[in-house]
Number of protein chains: 2
Amino acid sequence: MGVKCRNCPIRKLPLFDPMTSDEVEFMEHFKVGELSISPGAPILSEGGNTPQIYTALSGMGLRYKLLEDGRRQVISLVLPGDFIGLQAGVMNQMTHSVEATTSMRLCVFDRSELWNLFRTQPERAFDLTWLAANEERFLGEALAALGQRDAYELLAWALARIWRKLEALQMTNGDTTSLPYRQQDLADAMGLSLVHTNKTLAKLRAARLAIWADGKLTVPDIEELEEAGLCRDTPLGSRPLI
Amino acid sequence: MGVKCRNCPIRKLPLFDPMTSDEVEFMEHFKVGELSISPGAPILSEGGNTPQIYTALSGMGLRYKLLEDGRRQVISLVLPGDFIGLQAGVMNQMTHSVEATTSMRLCVFDRSELWNLFRTQPERAFDLTWLAANEERFLGEALAALGQRDAYELLAWALARIWRKLEALQMTNGDTTSLPYRQQDLADAMGLSLVHTNKTLAKLRAARLAIWADGKLTVPDIEELEEAGLCRDTPLGSRPLI
DNA sequence: CGCTATTTTGAACACCGTCAATCGCAGTGG
DNA sequence: CCACTGCGATTGACGGTGTTCAAAATAGCG
């Protein structure tokens, strides 16, 4: 059934708050298994109500919503350590879908045990609320980005945010990291057309702010990129892991 | 110090989940007072860390973020029953500001008691997480709206959502309701210019889908408006009140 | 060597932003 | 009573950012 939480590959990253041995023990009870899925596979569907909720262990995915006419809005990326299915857990209803972009490994929890978590582990419950509030924070920022920035600023903002997150996850290697999404994915996240996204990425490349090609992102100078993206906020401190 | 929770003017609305007498009692302990503020007054500031968190009892307000160059993104409206300061409560940091648009009455809670809530009232803690997840749901929807809809669809969407919410709060009167915001507020919420917002509102008015003037919104047929706004989702069931 | 998915490029057009002026209204003070 | 002021709503003209349509490279894959 995969690794025990005490040997969790990502728990030790400095990005995540340390856990007491008591908490680790509870998590080992809460965890019911591991799931490996293939690129393109759906994880949760909008409107659905699955008995299982997850934490991403490895790989990358997408959260998105579909409009009836087929337009797609990518809400956020799913990266290791991200909790998947909070809405299903507390509201019995997903309002967006989640799918794997690369192959992924997921830590599986039993939704019906969530109430038990609130009853017996108030600190873990607090952490869960922290994660929800953090998601709200991110979406607020994204909303401000879509609403107020032009395409060039917007893509610089997005790539800078992604870079910082991958950096905190120690998934960068020098000035390069793997970013296995398609331009269409980023376009749908930014509310831009594919064509315009492509041309604007070319400008960022020409400016040597961010070079994204063949699934690899290279950022020569993250601070310059952040400046281009008007990234004022977000020191990105440590956070809980569920 | 204002009304006791047992006499709370909004708790009885069908929009809100019923509370056990035990919960009401806890809330009366949790509540430390009431606050009345004037139009335009700030409630919470981005970056701030106040000792107090609130629930709106009456009046209307705005959540917003400012970019360094003065551009403003309105995140959401604040209406009666809305919880204010969840981020400050769990993350010690507001990432947006909140201000009153009309005069407002707020129910005041002591932030330091929040941990006590998690420890002794798991159901209330669950409700708080529910509210956070709901906020995430709304912001995801808003993101999809800004990213995918054109100005006409977008404003129809926004006015329809507002109408449905006010309807659930029993603040509508026939086909009319009070909506005391400026066009600039809605423009900043939609990421549109004031001029274009004005012209698009004129089109909605000409189409007799939504007539908004002098602080009054009239919606002859909410379902037609929702259709114009591509509102597929959101039955808007009952929710907890903190 | 086709086949498909993705990226790239070009051209025409439209939605929306900016600039600028006007109008209505409420408040203020001469 | 009537300028004067300020705020918000409204309208017109013009230009630019971003969309749509279309086609051509490019790359992986059976």
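Predicted model: local features only at pLDDT ≥ 70, side-chain atom pairs only at ≥ 80, totals over all residues.
**Exercise 1.** Find the two domains of chain A and say how far apart their centres are.

*Solution.* Start with the bounds: domain 1 of chain A covers 5-132, and domain 2 covers 143-228.

**Exercise 2.** Work out how much area is buried between domain 1 and domain 2 of chain A, and what share carbon and sulfur atoms give.

*Solution.* First, see who touches whom: 17 residues of domain 1 of chain A are in contact with 17 residues of domain 2. Then turn to area, since the size of an interface is often given as the accessible area lost when the parts come together. For these two domains that comes to about 1400 Å², and carbon and sulfur atoms give 66% of it.

**Exercise 3.** Count the salt bridges and the residue pairs in polar contact between the two domains, then describe the side of domain 1 that touches domain 2.

*Solution.* Begin with the salt bridges: there are three between domain 1 and domain 2 of chain A. As a check, look at A:D82 and A:K165, whose side chains meet in a salt bridge at 3.1 Å, N to O; that passes the cut-off of within 4 Å. Polar contacts come next, with seven residue pairs found across the interface.

Now for the domain 1 side. Strand 4 (61-66) and strand 5 (72-78) of chain A each supply at least two of its residues. Strand 5 gives the largest share, five residues. Sorted by type, the residues on this side are eleven nonpolar, four polar and two charged.

Note on methods: Residues numbered from 1 in each chain as written. Chains lettered and ligands numbered in written order. Heavy atoms only, no water. Domains from an automatic or database assignment. Contact = heavy atoms within 4.5 Å. Buried area = accessible area lost by both parts, 1.4 Å probe. Polar contact = N/O pair within 3.5 Å; in protein donor to acceptor, adjacent residues only side chain to side chain. Helix = DSSP H or I, 4+ residues; strand = E, 2+ residues; numbered from the N terminus. Nonpolar A, V, L, I, M, F, W, Y, C, P; charged D, E, K, R; others polar.
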